Amino acid sequence: MNTSSLSIALVSLFAALIAVFGLIPKIDLPLGVPITLQTLGVMLAGCMLGPKRALQALLLFLAAVAIGLPLLSGGRGGVGVFFAPASGYLIGWPVGAFVTGLVMHMLPRATPRGAAISALIASAIGGLLVVHVFGVVGLVNIANLSWEQAIMGTLVFVPGDLIKCVLCATVVHTVARGLPDWRFGG
């Protein structure tokens with residue numbers, strides 16, 4: 001398989017993986033932003049694919065959502081989801097995946113343990129911090145919350161997202177052990 005075919009396959013695979021994570025039932029919060037497993041897909045895409053392919057995977061996923069496919073947790077889809085309180089998080093997913101991949105690319109990943117530690121750091125920076133910054137901006141602009149309310153509201157997600165960072169690092173460690181030639185971070 002040539003490089004471009006492999007890239008297309010990996011981008012499509014990770015977009016599909018994020019859709020599969022959407023099958024896990026969401027937990028609705030009064031904030032208007034549900035807790036889902038799909039941010040784990042953002043983290044994994046960045047760590048496993050690198051910045052460019054991760055960005056492409058998330059843009060492909062969001063394009064499918066925008067045309068109406070019910071790929072978000074709870075069977076949501078369509079352009080309307082980009083005007084809901086959670087839209088900041090959705091818009092932050094491609095940027096978060098890109099940053100995760102960029103950080104993963106810059107950190108050491110020669111050993112399975114090094115790759116796992118790098119994945120933990122990269123997913124915390126890109127998949128947690130960057131996505132939450134976009135989420136807070138979305139809550140302020142769309143849900144009309146104050147900055148303080150939006151920041152306090154997003155803190156509810158941090159413990160679960162830290163668990164997702166650990167899960168991401170565990171997957172990266174496992175892949176690094178089983179496929180030592182995998183190019184984490186691109």
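Colleague: How many salt bridges does the count come to?

Modeller: Two salt bridges, a salt bridge being a side-chain nitrogen of Lys or Arg within 4 Å of a carboxyl oxygen of Asp or Glu. Bear in mind that this is a predicted model: local features need pLDDT of at least 70, side-chain atom pairs count only at pLDDT 80 or more, and totals for chains, interfaces and linings use all residues. Residues are numbered from 1 along each chain as its sequence is written, and side-chain values use heavy atoms, with hydrogens and water left out.

Colleague: OK, which residue does Asp28 form a salt bridge with?

Modeller: The partner of Asp28 is Lys26, and their closest N and O atoms are 2.8 Å apart. Asp28 is exposed at 54% relative accessible area, while Lys26 is partly exposed at 26%. Those words have cut-offs: buried is under 20% relative accessible area, exposed is over 50%, and partly exposed is in between, with a 1.4 Å probe and protein chains only.

Colleague: And what does Lys164 meet in a salt bridge?

Modeller: That one is Asp161, at 3.1 Å from N to O. Helices here are DSSP runs (H or I, at least four residues; strands would be E, at least two), numbered from the N terminus.

Colleague: Are Asp161 and Lys164 buried or exposed?

Modeller: Asp161 and Lys164 are both buried. As for the spacing, an α-helix has 3.6 residues a turn, so residues three or four places apart point the same way.

Colleague: Staying with α7, at what angle do α5 and α7 pack?

Modeller: About 145°, with the axes of α7 and helix α5 (residues 112-141) 8 Å apart. The axes are lines fitted to C-alpha atoms, for helices over the stretch in contact, and angles run from 0 to 180 degrees between N-to-C directions.

Colleague: Which residues in α5 meet α7?

Modeller: Among them are Ala116, Leu120 and His132 in α5, and the α7 side includes Asp161, Cys165 and His173. The contact residues divide into 15 nonpolar, three polar and three charged. Nonpolar covers Ala, Val, Leu, Ile, Met, Phe, Trp, Tyr, Cys and Pro, charged covers Asp, Glu, Lys and Arg, and the others, Gly among them, are polar. Contact means heavy atoms within 4.5 Å.

Colleague: What does Val175 touch?

Modeller: Not counting residues up to four places away in sequence, Val175 touches Met48, Pro180, Trp182 and Phe184. Val175 lies in helix α7 and is buried at 18% relative accessibility. From Val175 to Pro112 is 63 residues in sequence and 8.1 Å in space, C-alpha to C-alpha.

Colleague: New topic. How do α2 and α3 pack, at what angle?

Modeller: Helix α2 (residues 38-49) packs with α3 at about 150°, their axes 7 Å apart, and the crossing is right-handed. Val42, Gly46 and Leu49 are among the α2 residues in this contact, and Ala54, Leu58 and Phe61 are among those of α3. Its residues divide into eight nonpolar, two polar and one charged.

Colleague: Next, which residues of α6 are buried?

Modeller: In helix α6 (residues 147-154) they are Ala150, Gly153 and Thr154. Seen down the axis of α6, the buried residues fall within an arc of 95°, so they line one face of the helix; the arc is that of the directions from the helix axis to the C-beta atoms. Those buried residues pack against α4, α5 and α7. Glu148 and Met152 are exposed on the other side of α6.

Colleague: What about the loop between α5 and α6, which residue is found there?

Modeller: Asn144 is in that loop, and it has a positive phi of about 55° although it is not a glycine. Asn144 is exposed at 64% relative accessibility.

Colleague: Last one: where does Phe83 lie?

Modeller: Phe83 is in the loop between α3 (51-66) and α4 (87-106), and it is exposed at 61% relative accessibility. Phe83 and Gly138 are 55 residues apart in sequence, with their C-alpha atoms 9.1 Å apart in space.

Key
A crossing is left-handed if the near helix is turned anticlockwise from the far one by less than a right angle, and right-handed if clockwise.
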